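Open the model and keep the sequence beside it.

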Amino acid sequence: MTGASRIAVIGAGPGGLYFAALARQLAPDRRITVFERNAPETESGFGVVFSDETLDGIAQADPKVFAAISAEFARWSDIDVRYAGQVRTSGGHGFAALDRNRLRAVLRARCEELAVDLRYRTAAPPLAELAAEYDLVVAADGIHSPTRAAYADAFGPELDERQSRYIWLGTDRVFEAFTFIVEEFDFGVLQVHAYPYSATRSTFIVEIAEDAWRRAGFEALAAQEWGRGESDLASVRRCAALLAPHLDGCRLIPNASRWIRFTTVRNARWRHRNVVLLGDAAHSAHFSIGSGTKLALEDALALAASLSEQPDLAGALAAYEAERRPVVESTQRAAQASLEWFETIGRRTGQGPDQFAFNLLTRSRRVTYDGLRARDRGFVDAVDTAFGGSPGVPPMFRPLKLAALELRNRIVVPPLATFTSPDALPSAFDRAQLTALALGGPGLLIAGMTAVSPEGRTTDRCPGLWSDHQEAAWRELLLAVRAVSDAPVGLQLTHAGRRGATATPAPDGVGRPLPAAEGWPLLAASPLPWDADSPAPHEANHIQLAAVTADFAAAAERAARAGFDVLELQFGHGHLLSSFLSPLTNRRTDRYGGPLAHRLRLPLEVLTAVRAAWPTGRPLLVRISACDWAPGGTTEAEAVAICRALGEAGADAVDVSTGEVVAHQRPPYGRGYQTPFAELVRAATGLPTVAVGAISGHDDANSVLLAGRADLVAVGRAHLYDPLWTLHAAADQGCTGPGVHWPEPWRAGSRKPPGPGADRVAPRLHLLRESAPPVHRRWRPAP
């Protein structure tokens with residue numbers, strides 16, 4: 001156990017009180033002092049929601065606290081989505097909520113029972129004094145933490161203030177479930193996050209985008225300075241009037257309620273010497289996925305445990321942060337996805353009620369198709385039917401017509417470079433890989449990174465399509481694939497631009513520049529090297545640009561003659577056409593640079609020429625980088641304008657990727673992190689889109705498709721792990737039918753093989769079996 005015998009806690013919110021109680025319980029000889037500037041009876045906030053996971057931790061750590069709070073829980077399992085005048089309900093979720101002020105009272109009583117020194121109406125002494133007097137200072141002083149601000153250089157805070165406005169209210173309308181209300185008005189969309197927390201009250205959070213907030217007149221109502229504890233009563237009255245149909249004559253109840261913007265708090269470090277951050281002082285996560293109180297209580301448990309488990313204070317604080325940071329960062333990733341979904345809710349208000357509800361429920365990527373189906377099969381079956389399918393056929397195995405081509409399912413194998421072509425011809429490995437992938441059952445597979453000219457190669461081991469010899473080699477490869485599979489095969493054409501003349505990528509995925517003697521001249525929109533170690537490309541002149549356009553058109557003709565079913569043009573990832581589209585890489589002042597219309601000129605010239613050369617009816621796709629992940633890069637509005645222009649010029653679908661445009665990019669890598677851009681383009685332009693990037697499970701693929709975020713899903717790395725990924729996904733889901741094509745010689749393996757213990761039959765060990773909990777449980781307190 002550490003030598004922290006004197007501990008100061010700043011803030012008597014739930015996190016600070018729970019930590020004090022646990023730390024004292026684990027070591028009764030500790031002297032723990034809690035400083036709180038407010039009175040103990042000061043009310044703050046409304047209800048808090050707990051997960052089963054957090055409740056299990058409380059029950060184990062302090063049964064007395066758990067018994068006291070569980071006796072007052074509001075419990076339910078349903079989520080209601082009120083949208084377009086209809087209600088859709090998904091069950092089986094499981095919630096427990098409690099009045100935040102009752103939680104504080106229970107924790108305060110527990111601290112008093114354990115002889116914690118609670119100093120209400122007492123501001124904490126200066127930090128330097130506290131740190132000198134106490135062995136440990138725990139800063140549980142909230143999202144606007146003075147401790148964090150005082151030691152900003154040490155903690156390295158990053159405060160991300162968002163644009164949407166929200167106001168936190170209560171109501172004496174007791175909702176029966178977690179309720180999302182989405183209403184469209186002439187000023188925009190107003191949404192509500194509501195849930196019950198007692199027999200008489202519910203939390204009622206109203207949220208609205210900044211521009212809609214202004215149009216709705218809230219800016220004028222809120223245009224004054226508010227004193228401590230004051231509420232914007234005029235805005236509360238306007239919300240009550242706008243949302244009256246959902247309040248059933250009940251009140252909206254303010255408590256220091258005014259319009260604010262949500263701030264996501266992140267810190268590079270949570271500890272500095274003997275001072276440590278806890279709860280909102282260390283981190284925050286958007287209220288749409290849960291409770292900051294939940295995270296604070298989990299922090300408190302981990303910190304108290306670490307103090308007892310580690311031999312010294314430094315080790316205890318390091319162990320606490322090491323344990324909690326991954327959990328918090330995972331929660332923040334989900335919260336960020338949820339936050340951004342609600343910020344851009346207008347993209348989805350054209351969907352029908354079933355699909356909209358499914359989209360909302362899967363917004364954070366934590367809740368998925370399979371998860372919802374396990375909780376409430378009837379809900380997912382209804383959405384499946386509304387999607388145009390039939391229950392039991394996962395969305396990924398439904399057909400899609402792309403131009404004149406009928407795809408049997410929605411899975412695309414994207415271009416997977418092999419770097420096995422030193423002579424620029426498709427290699428034996430290319431043939432083996434494409435054959436294996438075609439046998440694996442995708443709706444479409446695309447061979448890739450095929451250069452339209454020798455200077456357009458990315459590496460000296462990439463294939464091309466600029467000669468008769470290459471055309472014949474691709475034709476021969478396709479004949480070999482089609483001898484065993486009828487899966488449509490496409491080809492991606494590219495000119496690497498300034499990303500060319502590199503060696504085969506190292507294990508870190510980065511291709512280093514070839515020595516000057518082994519490389520070739522590079523072209524780009526502007527003479528900007530990829531990074532400090534790369535050679536500067538030449539700024540392409542008009543003659544060279546015309547030659548590039550002709551090279552693309554000639555390669556498209558060769559691809560058609562070779563027999564490819566689909567063609568994809570690489571206009572993203574920093575390749576030549578991408579370097580014209582991005583303002584970060586196009587610094588030209590001629591007709592090919594400057595405003596977006598000029599930056600689009602060369603890509604549209606290439607697309608027009610290819611469209612004329614590529615047979616009508618065969619799909620033509622374009623891959624773009626919809627975001628550069630760097631300041632000053634392509635905006636969402638520009639990405640939409642680019643895709644709209646591509647569609648008007650003849651693209652049948654857009655493969656919506658992001659990044660790799662500049663070396664200093666900072667993408668927020670994670671499952672499906674690029675999917676929102678596919679959804680943006682699809683909603684804004686009506687073009688079919690392909691979602692790409694970090695999608696490797698069939699559950700995620702189904703979620704993307706059923707939510708309407710994309711029309712096709714590209715699964716890349718997972719196909720390198722398992723070329724039969726699509727067929728194995730069908731076996732895992734017990735799916736057969738026209739969307740699943742097992743090669744006849746493999747048909748006997750179309751069922752997932754039984755694993756160890758699959759033949760074991762469990763005996764009956766209970767005299768009376770417990771009945772399964774109901775899928776739908778509503779909060780209906782006793783009168």
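Which residue follows α18, and is its phi positive or negative? The residue is G563, and its phi is positive, near 110 degrees. Keep in mind throughout that this is a predicted model.

α18 covers residues 542–562, which is 21 residues. At 1.5 Å a residue, the helix should span 30 Å. Its end C-alpha atoms are 30 Å apart, so expectation and model agree. The N-terminal end of α18 is capped by N541. A side-chain oxygen of N541 lies 3.1 Å from the backbone nitrogen of I543.

Now look at which residues of α18 are hidden. The buried ones are L545, V548, T549, F552, A553, A555, A556, R558, A559, A560 and A562. An α-helix has 3.6 residues a turn, so residues three or four places apart point the same way. What do the buried residues of α18 pack against? Two helices among the partners are α17 (468–482) and α21 (601–613). α19 (576–581) is another partner. The strands are β22 (489–494), β23 (523–524) and β25 (566–571).

In soluble globular proteins, nonpolar side chains tend to be buried together. Here the largest nonpolar core has 84 residues, and L493, L567 and F571 touch the most other members. α18 gives the most to this core, with eight residues. Take L493 as a way in. Beyond residues up to four places away in sequence, L493 touches F552, A555 and A556, among others. Its contacts also include T450, V452, L465, L567, E568, L569 and Q570. Apart from this core lies another, of 63 residues, including V9, V116, W270 and L303.

Step back to the domains. The protein is divided into domain 1 (6–344) and domain 2 (408–696 + 704–720). Their centres, taken over C-alpha atoms, are separated by 45 Å. An unreviewed UniProt entry places the feature "domain: FAD-binding" at residues 130–332. That span is 35% helix and 29% strand, and its end C-alpha atoms lie 31 Å apart.

Is T171 buried or exposed? T171 is buried, because its relative accessible area is 0%, and the cut-off for buried is under 20%. Its side chain reaches the backbone nitrogen of R173 at 3.0 Å. Leaving aside neighbours within four places in sequence, T171 is in contact with T200, R201, S202, F204, L247, C250, R251, L252 and I253.

Move on to Q336, in helix α12 (residues 313–343). Q336 has a relative accessible area of 15%, so this residue also counts as buried. Not counting residues up to four places away in sequence, Q336 touches D160, R162, T264 and R266.

The last stop is T585. Where is T585 found? T585 sits in the loop between α19 and α20 (596–599). With a relative accessible area of 3%, T585 is therefore buried. The side chain of T585 reaches the backbone oxygen of S579 at 2.9 Å. Setting aside neighbours within four places in sequence, contacts of T585 include R498, A525, S526, L528, S578, S579, V661 and V662. For a sense of scale, compare T585 with R121. The two are 464 residues apart in sequence and 57 Å apart in space, C-alpha to C-alpha.

Conventions
Residues are numbered from 1 along each chain as its sequence is written. This is a predicted model: local features need pLDDT of at least 70, side-chain atom pairs count only at pLDDT 80 or more; totals for chains, interfaces and linings use all residues. Side-chain values use heavy atoms; hydrogens and water are left out. Helices (H or I, at least four residues) and strands (E, at least two) are DSSP runs, numbered from the N terminus. The expected span of a helix is 1.5 Å times one less than its number of residues. Buried means under 20% relative accessible area, exposed over 50%, partly exposed in between (1.4 Å probe, protein chains only). Contact means heavy atoms within 4.5 Å. A polar contact is a pair of N or O atoms within 3.5 Å; within protein, one must be able to donate a hydrogen and the other to accept it, and residues adjacent in sequence count only if both atoms are side-chain atoms. A nonpolar core is a set of buried Ala, Val, Leu, Ile, Met, Phe, Trp, Tyr and Cys residues joined through side-chain atoms within 4.5 Å. Domain bounds come from an automatic or database domain assignment. UniProt positions are given in the numbering used here, feature names are shortened, and annotations may be inferred rather than shown by experiment.
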